[in-house]
Amino acid sequence: MPAVTIALESPRQAAVVRLLELSDAYAASLYPAESNHMVDLSSLEQAGVSFLVARREDDIVGCCALVEAGNGTAEIKRMFVDPEARGLKVGKLLLQALEARAGDLGYTAIRLETGIYQPEAIGLYKATGYVERSPFGDYQPDPLSLFMEKPVRKTA
């Protein structure tokens, strides 16, 4: 089976845009618009954003962004794995790469918001050490949202 590789890449690629569209449709099928906190493509191209792409051979099979919050922390945004690639541990590999990047950049913690109807994502985050916390940044309490955080290990 071909290995999955993770690298910093531009989000402005047709296969990434396709994943973002799939992610949008999936979230819209689960939550009302006011509970979807997606960032758009141009936001993913801003300074302070590290965009990671997972590839299996030449095919883009997943993506995620690490967005600097300006207070020593960063937020995970747009984590999504192609449904065709589920079961290949792409999400776990993306999360490991994202955490390594956060350590390289000197962040103290990684935060995220996810929906309560996404048990696979919640399970991945909990299994890798993320703990529930209160809303952060501009988020307001939302019964459909779960907020989590994990300290970042310093890299050598």
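1. Gly 106 follows helix H3 and has a positive phi, near 80°. Helices here (H or I, at least four residues) and strands (E, at least two) are DSSP runs, numbered from the N terminus. The model is predicted: local features need pLDDT of at least 70 and side-chain atom pairs count only at pLDDT 80 or more, while totals for chains, interfaces and linings use all residues. Residues are numbered from 1 along each chain as its sequence is written, and side-chain values use heavy atoms, with hydrogens and water left out.

2. Helix H3 itself covers residues 90-104, 15 residues in total, and reaches 21 Å from its first C-alpha to its last, close to the 21 Å expected at 1.5 Å a residue. The expected span is 1.5 Å times one less than the number of residues. Its buried residues are Val 90, Gly 91, Leu 94, Leu 95, Leu 98, Glu 99, Ala 102 and Gly 103. Buried means under 20% relative accessible area, exposed over 50%, and partly exposed in between (1.4 Å probe, protein chains only). An α-helix has 3.6 residues a turn, so residues three or four places apart point the same way.

3. Contact means heavy atoms within 4.5 Å.

4. Two strands are taken to pair if DSSP finds at least two bridges between them.

5. At one end of this order, strand E1 (residues 4-8) pairs with E2 in the antiparallel sense over five bridges, and Ala 7 has Val 53 of E2 as its bridge partner. E2 and E3 also run antiparallel, joined by eight bridges; Ala 54 has Gly 62 of E3 as its bridge partner. The hairpin of E2 and E3 has two residues between the strands, and Glu 57 there takes a positive phi near 60°. Strand E2 (residues 49-56) is mostly covered, seven of its eight residues being buried.

6. Gly 72 lies in the loop between strand E3 (59-68) and strand E4 (73-81). With a relative accessible area of 30%, Gly 72 is partly exposed. Apart from its neighbours within four places in sequence, Gly 72 is in contact with Tyr 107, Thr 108 and Ala 109.

7. E4 and strand E5 (residues 109-115) pair in the parallel sense over three bridges, and Glu 75 has Arg 111 of E5 as its bridge partner. Arg 111 counts as buried at 17% relative accessibility. Beyond its neighbours within four places in sequence, its contacts include Asn 71, Glu 75, Phe 136 and Met 148.

8. The structure holds nine salt bridges, each a side-chain nitrogen of Lys or Arg within 4 Å of a carboxyl oxygen of Asp or Glu. One of them joins the side chains of Glu 9 and Arg 55 (2.9 Å, N to O). Another joins Arg 78 and Asp 24 (2.8 Å, N to O); Arg 78 is in strand E4 and Asp 24 in helix H1, 54 residues apart. Arg 78 is buried at 8% relative accessible area, whereas Asp 24 is partly exposed at 35%.

9. Arg 133 forms a salt bridge with Glu 149, with the closest N and O atoms 2.8 Å apart. Arg 133 lies in strand E6 and Glu 149 in strand E7, so the pair ties together parts 16 residues apart in sequence. Arg 111, Arg 133 and Glu 149 are linked in a network of salt bridges.

10. Are the cysteines Cys 63 and Cys 64 buried or exposed? Cys 63 is buried, with a relative accessible area of 0%, and Cys 64 also counts as buried at 0%. The sulfur of Cys 64 is 7.1 Å from the closest cysteine sulfur, in Cys 63, too far for a bond. A search of the whole structure finds zero disulfides, a disulfide being a pair of cysteine sulfur atoms within 2.5 Å.
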